Structures are given as C-alpha cells and as structure tokens.
Amino acid sequence: MKHRLFLFDLDDTLLDFKASEWLSFQRTMRALGLQGGLDALFLHYQAINLALWRRFEAGEVAKEVLKVERFRRTFQETGLELDPAAASVTYLESLSETVVLVDGARELCASLAAIGEVGIITNGVHHIQHRRIASSGLGDSISFVATSEACGHAKPDSRFFAYATGMARAFVQHETVIVGDRLDADILGANRFGIDSCWFNPGRLPNDTAALPSCEAARLDEVIPALAGLALAPVTAA
C-alpha cells in the first residue's frame, strides 16, 4: 500500500451518526418534557438541520448560530413552546454519550495506525467530537483530530485540508488518502486538494456529482483492499 497518512471523516464513516443523532434527540426532547410524536418531529428537525449544515459549509451561517437555530426553527414551525438554547446544550452533551461504531471501525483504524498515521477530519463541533472519539474507544489509533471549528474553514474548502494535513507528523501528497461518506465534502475536498480518496458508500449509491473518488468501499473491511488496489501514480488537483 502506498498510503501512509489516512484521513477519516468521523460521522457516518467511523461512527454511526444517524443512530447517535436519534438517541440524542429522543433524550433531549424527553428532558424538555416532550414524550410523544418524536418520530415526526425528528424528521422535521433533520430537514432543518441538514439545510443549516449545508449553509454552514458554504460559509453562510456560523456554527454557534446553527447549534441553536436548528431547534428554534423546529419548535417554531411545529408550534412547540420549548427552549431552543436548552435543547442545544442537552443534545450536544448527549451526543458524546450515545456513540455507536460503524462495523469494523476499530479494526480498520488499528490496522492503518500500524501502517502509518490516522487522523480525523470533521465539520462537527470541536469539543463534542473529541469527547465522542474518547467514548468510542478509537483514541489509541488516532494521532490527531482536525475540526472545522478550530480551523475556521469547513470541508470541502482546501484551507481546511491544508490545516488538517499540517497537523500530521508528515504530509506527502501522493501518500495521503481521505476516507469519507460524503461526495460533496470529503471526496470533492480531496479532489481540490490533490490527494486520493475512498468513498465509503454502504448504500451503494450512484455517483451523479462532479466529485471523483479514487476508489470505493461499501463496508469498512473493504477499505484496505480498495486502497491497496490503487495505482501508484499521484492524484492531480482538480
């Protein structure tokens, strides 16, 4: 294998964020005194949250605003008289306590850490992501965590990738690869930065975007064989 620096997206690549999100949302609403109708409310929240995260990644909204605004809009649009600031605090605290690993995450990180260096690249909330990694049991295999909150720029901005690779012990462009589930953030970011990428695609979805992954894996135990199969030539920046 030519790669020595492995950059992993965290949510829905190593950690099952969808499972954690649902558990944390339930805990939050119940802490605020709401018991019923959580399934429909969660779907409403998810749509608002996704739209706000896309705006954050485009540089249109600050993360501090996003944290509370997603709950404010959810409660306003569904007629609930609940405190969005309190919801935000409870939800973020719950995320670090409801960690669910994607199958094979621990084994993959340990194997790659024995080959080179493993780093995390995430647009998530800085202190929460560190706590989630600590709770996950992956910490021994991870060398560094790069967050957009600490950097000031988010994936797919090349400035974020420059920041992340600057945290590594050594950065060699053609020996670096990103593994992530999002074409528009992880893979497109890799293309722009001129490094290899592995699209983690458990749903085996079609790629109808401009992002071009170097390889693809539907399960985490397919990542190492996929990387081993890549050509030795470095990727050119798009």
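The second largest pocket is lined by Phe56, Glu57, Ala58, Gly59, Lys63, Ser148, Glu149, Gly152, His153, Ala154, Pro156 and Asp157. H2 and helix H7 (148–151) are the elements that give two or more residues to this lining. A pocket is an open set of points on a 1 Å grid over the protein atoms alone, where a 1.4 Å probe fits, with protein on both sides within 12 Å along at least five of seven lines; lining residues have an atom within 4 Å of a point. Helices (H or I, at least four residues) and strands (E, at least two) are DSSP runs, numbered from the N terminus.

The model is predicted: local features need pLDDT of at least 70, side-chain atom pairs count only at pLDDT 80 or more, and totals for chains, interfaces and linings use all residues. Residues are numbered from 1 along each chain as its sequence is written, and side-chain values use heavy atoms, with hydrogens and water left out.

| Pocket | Volume |
|---|---|
| Largest pocket | about 1100 Å³ |
| Second largest pocket | about 170 Å³ |

The largest pocket has 45 lining residues, of which Asp11, Asp12, Lys18, Asp181 and Arg182 lie nearest its centre. H2 contributes the most to that lining, with seven residues. Other elements supplying at least two residues each include H1, helix H9 (183–193) and strand S5 (196–200).

H2 also meets H1: Glu21, Trp22, Phe25, Gln26, Met29 and Arg30 in H1 are in contact with Leu38, Asp39, Leu41, Phe42, Tyr45, Gln46 and Asn49 in H2 (heavy atoms within 4.5 Å).

Terms used. Grid points are joined across faces, edges and corners, and a volume is the space filled by probe spheres set on the points.
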